[in-house]
Amino acid sequence: MIVRSLICSALALCACGEAVAAGKNAERVEVELKNAGDSVVAIYYAVGGPMPDDRDMKTLPMLDGRFSLDVPQTDSVYEVLFYPSKAAEPIGRKRQRGGWVPNIKVCRFYLFPGERIRVTGELNDSMLVWRSNAPLYEQKRLVEQGEFAEFRFKEYKADREAEIIFATSASEDTIRAAFDRSRRWRNAQRAWEQAWLEKNPNQELAGLYLLQSPSDELDSLYNMLGENVRDGRLKPLLDSRMASYNEYRDNARARERMNAGKELPAPDFTLSDVQGNPLKLSSLYNRGKYTVLDFWGMWCGWCVKGIPQMKEYYAKYKDRVEFVGIDCNEPEQTWRKGLEKHRMPWIGVWAGNDRSVQTQYGIQAFPTKIVIDPAGVIVKRFEGESEEFYQYLDSLFGTAE
């Protein structure tokens with residue numbers, strides 16, 4: 001589930017190597033994969049830098065499992081991610097992109113300044129087994145054999161079952177239970193990585209594990225790392241990760257305040273609407289109508305799944321409540337295509353990668369809906385797509401004739 005979302009987000013945000021190839025030093029990544037077919041989806045981007053627009057993204061040709069990736073030779077650390085196009089699995093009509101790529105069929109690594117990497121591997125029914133001549137990733141491959149590899153495979157099986165269930169008419173409880181099974185195996189992997197970090201804090205691989213750790217105690221893990229790791233070549237990545245963690249912590253505190261049961265003034269913000277005009281939230285107050293903020297994105301399956309019922313309730317109560325869809329974590333072009341496809345009749349604004357509004361409102365789940373009274377006070381909060389939100393609107397306004 002996580003990597004399916006990661007791939008969808010990355011494809012929407014990043015450009016393929018062929019489209020953005022630059023610099024005199026090309027072909028910094030060379031790949032040879034058995035059973036991988038004749039095409040590959042490859043992405044790279046400078047960590048911490050601007051992301052290319054999705055309109056530049058192309059599929060990179062791969063002939064008989066061989067291809068090379070032109071990555072500019074700069075002082076930046078690049079994140080490189082690729083997968084054979086045949087690794088995408090059908091998931092049914094309910095998914096927007098028609099397929100997903102499981103984590104164990106993706107090759108993902110950091111490319112450091114001056115570094116060139118050769119990747120070899122084999123794609124089979126269960127996973128993409130790969131190795132590189134970069135010492136850091138060869139160590140990673142070796143230490144993750146055994147128990148960790150078993151956790152990854154079990155997550156893949158559970159995730160695939162969950163995706164198949166999602167594409168059916170199963171109940172929401174059944175769908176959630178299926179994804180919970182996948183999440184348990186993913187959490188087992190994260191626990192394994194944290195335990196390895198704690199035992200090996202002076203090894204560079206420990207820093208790599210911290211970069212992908214979702215731990216709520218990242219401060220303690222970071223302080224546990226050896227100085228050689230914190231100040232080594234991972235330093236720019238670790239500093240960025242800790243900045244994101246501090247943002248997450250502020251987000252969590254805001255969420256805790258809002259869930260404490262006290263009515264709080266809604267934090268004001270200004271975002272651009274579909275015409276490019278600035279919309280200030282407070283401009284909607286004192287008009288006798290409630291406001292519902294819907295934090296969503298096209299990449300979010302549950303968000304898209306809930307659009308039809310949102311439309312039904314907007315038509316039902318639009319004279320008493322204004323909906324404001326806040327699109328998050330995807331390019332503007334993707335948002336506009338989503339609006340055109342689903343024809344949502346309420347106000348839409350785009351936040352993109354600016355997480356300041358998400359942080360103000362403590363958004364940690366998508367969709368999240370915030371109900372604000374006519375005076376600008378938050379009166380209710382709903383995380384996830386559920387009937388409770390619609391039942392609350394019925395109780396608030398009474399069933400419309």
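A: A disulfide here is a pair of cysteine sulfur atoms within 2.5 Å. Keep in mind that this is a predicted model. By that cut-off, the count comes to one disulfide. The partners are cysteine 300 and cysteine 303, with sulfur atoms 2.4 Å apart. The torsion about their S-S bond is about 80 degrees, so this disulfide is right-handed. Cysteine 300 and cysteine 303 are buried.

Now for cysteine 328. Its closest cysteine sulfur is in cysteine 303, but that is 8.8 Å away, so it's too far for a bond. Cysteine 328 counts as buried because its relative accessibility is 0%. Cysteine 107 is buried too, again with a relative accessibility of 0%.

On to the backbone. Going from phenylalanine 366 to proline 367, the peptide bond is cis, with omega near -5 degrees. Proline 367 sits in the loop between helix 13 (356-360) and strand 17 (368-372).

There are also positive phi values to look at. Asparagine 35 isn't a glycine, yet its phi is near 65 degrees. You'll find asparagine 35 in the loop between strand 1 (29-34) and strand 2 (39-46), and at 48% relative accessibility it counts as partly exposed. Aspartate 64, also not a glycine, has a positive phi of about 50 degrees. Its place is in the loop that runs between strand 3 (60-61) and strand 4 (66-69). With a relative accessibility of 65%, aspartate 64 counts as exposed.

Technical notes. Residues numbered from 1 in each chain as written. Predicted model: local features only at pLDDT ≥ 70, side-chain atom pairs only at ≥ 80, totals over all residues. Heavy atoms only, no water. Buried < 20%, exposed > 50% of the residue type's maximum accessible area, 1.4 Å probe, protein only. Helix = DSSP H or I, 4+ residues; strand = E, 2+ residues; numbered from the N terminus.
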